[in-house]
Amino acid sequence: MAETDKDDLISIIEEDEVITDIPLTLPMMPVRDIVIFTDMLLPLFVGREKSLHAVEESVNKDGFLFLATQKDPAIENPETGDIYRVGTVGRVLRMLKLPDGRVKTLVQGITKARIVRYTGKKLYYRVKIETIDESPAGEVDLEVKALMRNVREYSEKILALRGEMSADVTTVLDSVEDPGKLADLVASNLKLKIDEAQELLEIIDPVQRLQKVNSLLSREVDLSTMQAKIQSEVKDEIFKNQRDYFLREQVRAIHKELGEQDDRAQEIEEYRKKIKRARMSKEAGKEARKQLRRLDQMHPDSAESAVVRTYLDWLVEMPWSKKTKEVIDIKTAKSALDKDHYGLKKIKDRILEYLSVRKLNPKMKGPILCFVGPPGVGKTSLGQAIAGALNRKFIRISLGGIRDEAEIRGHRRTYIGALPGRILQGLKQCGSRNPVFMMDEIDKLGADFRGDPSSALLEALDPEQNAEFSDHYLNLSFDLSQVMFILTANITDTIPSALLDRMEIITLPGYTEDEKKVIARRHLITRQVSENGLAAKNFAISPGALALIITEYTSEAGLRNLEREIGSICRKVARKIAEGEKGPFKINRNNLHKYLGVAKFYPEMDREHNQIGLSTGLAWTQAGGEVMYVEASLIRGKGELIITGQLGDVMQESARAAVSYSRANIQAYGGQAKVFDSVDIHIHVPAGAIPKDGPSAGIAMATALISSATGNPVRSDVAMTGEITLRGRVLPVGGLKEKSLGALRAGIHKIIIPTKNKKDLTEIPRNIQRKIKYIPVQEMDEVLKLSLEKGPSAGKRIGKKSNRKQ
């Protein structure tokens, strides 16, 4: 030991004997994750450079080292503010250098001390300390003895719960008579947090420290008791499962000896037979057998076995090889389609073409058809008729409002309650791999954070890809190439272009008045008479009454409202019969209002006489074609343009183009050059509550405006459609067939159309062309010659009024 000044030494006396002299200035080593108490003997692994220098300095001199705990163990190089000031003076008893450069030391706590100041920080921390003398416990009274006994009992209980209790431990605890030493001994073996252990170290009074240890022991007993209870329950459950498994294996062995099968083995064998009968694809069969082996090795009551069992049920019940046998007879199929649906020649021809090709090439892929048309024209019922004509099963799902991609592709099996998508669910339900699969409302698909269902449909509706359609739940390829997909929509604008490209669009524009009469006679009246319990011999609707229902009680491209009105008549007749009235009941034009009330539509109301500034345009809507009236009025003002009627951007641009054309050419039509300078122009398209858009009202707006400016009335028996340019050219528009039907419903038989739309007349049935006179035009001059009557010049009248005012 190095020599040290006597004034710089402290004598530690125990049992009147000097143990050693401790210098006041010592090397200091910060320790992590532990607080060292007096009389504590523990190994420390030293690896930080400053700590290694401190240990070497200690060993080279007298072996004393000051040990203080870091406030934050994560700090690699703590500063003075990161170290507690109260610690323990320890002595290095042994030191061993390890191959990795670290040092293993055996340290014993000697006495508590407090840092007075840091005297060195470069190579290692060197501190000047002052020891902390504990106040003597004095004579141990009854209360302190009770406290010490309680601490011993708590300690023994905790050790017993941990399974660490032994006779030696009891002897050691009983041998400690000093309250402070007992508190330090127990605290050093408790799993305390750093701040709790440091708080104990800094309590000087032994009795207070023992009381603190007692409260911590009480908490630890509760925690250890609960931990032991949990471990016991887990062990009991494990033991029960092992016992059940052992007994179940014994039962299985007994059944085997008796030549019988238990339920478990019977279930596995049944699945094995189902897999064989399903005639799956090679990939699916391999996966099914793999999952069956997993199920056989699982505990039957486990949650995972239920998931595997459900997956196997889906695999064996999917129609991997089951399909309906087709009866391809073109004449029979044509008769079946004609029987259920009147008209619709183009669609019927397309179905018969498919059947013809199918007959010649049985391996052809199923088409992807999309029926586009207004509500009530028979899109869904047509799909059912096609399935009947093909002798295939029919499935229908509605896609309206679907926003989750999993509705199409299915959920992953990791989710609770996972299922395949709607496509595979439908195929399982019908039990055939070649049904007619109808998806309604494809134009009303949504998309949100859960995915885009329309993108998921791209694979299913692509004939080049759907032979290996992959559902997230099955995670196997399923062949959809034999499925005939038929989709329905009211409009194509909202269908994504990539999806639209995969479909063959077939338009159903609606029915004429004559077609509605035939369909009502063949189908609607018969069905409503049957549904309302009437007898055909006691009920009849005259042709005149039926025509009146179509023209004055309904205004639609389809047939839904027509069937509702017929149903309403049938219900009123049924009530009369139920009240005792005798039939027969004949519905004609004279008594129709008694059943349906006053007429709801007056198609010729706005065409009673020709009017100035009122032209008749034609519009295409989701419900079919409709007549659209355009009003123009000139009001004294400063030449401003007022547009009302909830017109969209495109329609407003058409209105501005019509105004510009009228301003530039008004003199050619008998108006004054400056007639628009002193007036405001108001263009209105009723009804104001309905949004409208599109370019096809351009010539109607220009006609109404020039009529107002010249005073020449517009012929009310002429409708028109076409886009106008600033030079007066008439450009083509779409939806001519739907607009023609709308004109017929309104009683108009003369339509002005752009010359470039003449090619579209081939798509219009001949019975419609016989009722409507189509007049093709190229320039606005031709439109005005056909639509305006000769009358006094309004421009001249306005000019004369201006002169009188001057």
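Visitor: Why is K286 called exposed?

Guide: Its relative accessible area is 63%. Buried means under 20%, exposed over 50%, and partly exposed in between, with a 1.4 Å probe and protein chains only. K286 is over 50%, so exposed is the word for it. This is a predicted model in which local features need pLDDT of at least 70 and side-chain atom pairs count only at pLDDT 80 or more, while totals for chains, interfaces and linings use all residues. Residues are numbered from 1 along each chain as its sequence is written, and side-chain values use heavy atoms, with hydrogens and water left out.

Visitor: What makes K282, K286, R289, K290 and R293 a positive surface patch?

Guide: Lys and Arg count as positive and Asp and Glu as negative, with His and the chain ends not counted. Patches take residues with over 30% relative accessible area and no salt bridge; like charges are joined within 9 Å, and nonpolar side chains (Val, Leu, Ile, Met, Phe, Trp, Tyr) within 5 Å. The place of a charge is NZ of Lys, CZ of Arg, CG of Asp or CD of Glu. K282, K286, R289, K290 and R293 together form such a positive patch. K286 sits in helix α8, residues 282-297; helices are DSSP runs of H or I with at least four residues, strands are runs of E with at least two, and both are numbered from the N terminus.

Visitor: What kind of patch do M226, I230, V234 and I238 form?

Guide: A nonpolar one, with about 350 Å² of accessible area together. Such areas come from the Shrake-Rupley method with a 1.4 Å probe, and for residues only the protein chains shown count as cover. V234 belongs to helix α6, residues 206-258. At 44% relative accessible area, V234 is partly exposed.

Visitor: How do you know that E267 and R309 meet in a salt bridge?

Guide: The definition asks for a side-chain nitrogen of Lys or Arg within 4 Å of a carboxyl oxygen of Asp or Glu. For E267 and R309 the N to O distance is 2.6 Å, so the pair qualifies. E267 lies in helix α7 (residues 263-278) and R309 in helix α9 (residues 303-317), so the bridge ties together parts that are 42 residues apart in sequence. E267 is partly exposed, at 23% relative accessibility. A search of the whole structure finds 29 salt bridges.

Visitor: What is the N to O distance between E441 and K444, and why are both called partly exposed?

Guide: Their side chains meet in a salt bridge at 2.9 Å, N to O. E441 has a relative accessible area of 26%, which makes it partly exposed. K444 is also partly exposed, at 36%.

Visitor: Why does E565 count as buried?

Guide: Its relative accessibility is 11%, so it falls under the limit for buried. E565 forms a salt bridge with K600, the closest N and O atoms being 2.8 Å apart. This pair links distant parts of the chain, 35 residues apart: E565 is in helix α19 (residues 560-578), and K600 is in the loop between α20 (592-596) and β18 (614-621). K600 is partly exposed, at 48%.

Visitor: Which residues are linked in a network of salt bridges?

Guide: K334, D338 and K348 are linked in such a network.

Visitor: How do you know where the buried residues of α25 lie around its axis?

Guide: In helix α25 (residues 780-787), M780, V783, L784 and S787 are buried. Seen down the axis, the buried residues fall within an arc of 95 degrees, so they line one face of the helix. The arc is that of the directions from the helix axis to the C-beta atoms.

Visitor: What is the phi of D39, and what of Q646?

Guide: D39 has a positive phi of about 65 degrees although it is not a glycine. D39 is in the loop between β3 (25-31) and β4 (41-46), and counts as partly exposed at 45%. Q646 has a positive phi of about 55 degrees, and is not a glycine either. Q646 is in the loop between β20 (641-644) and α21 (649-665); at 43% it is partly exposed.

Visitor: Why does L312 count as buried?

Guide: Its relative accessibility is 0%, so it counts as buried. L312 is in helix α9.
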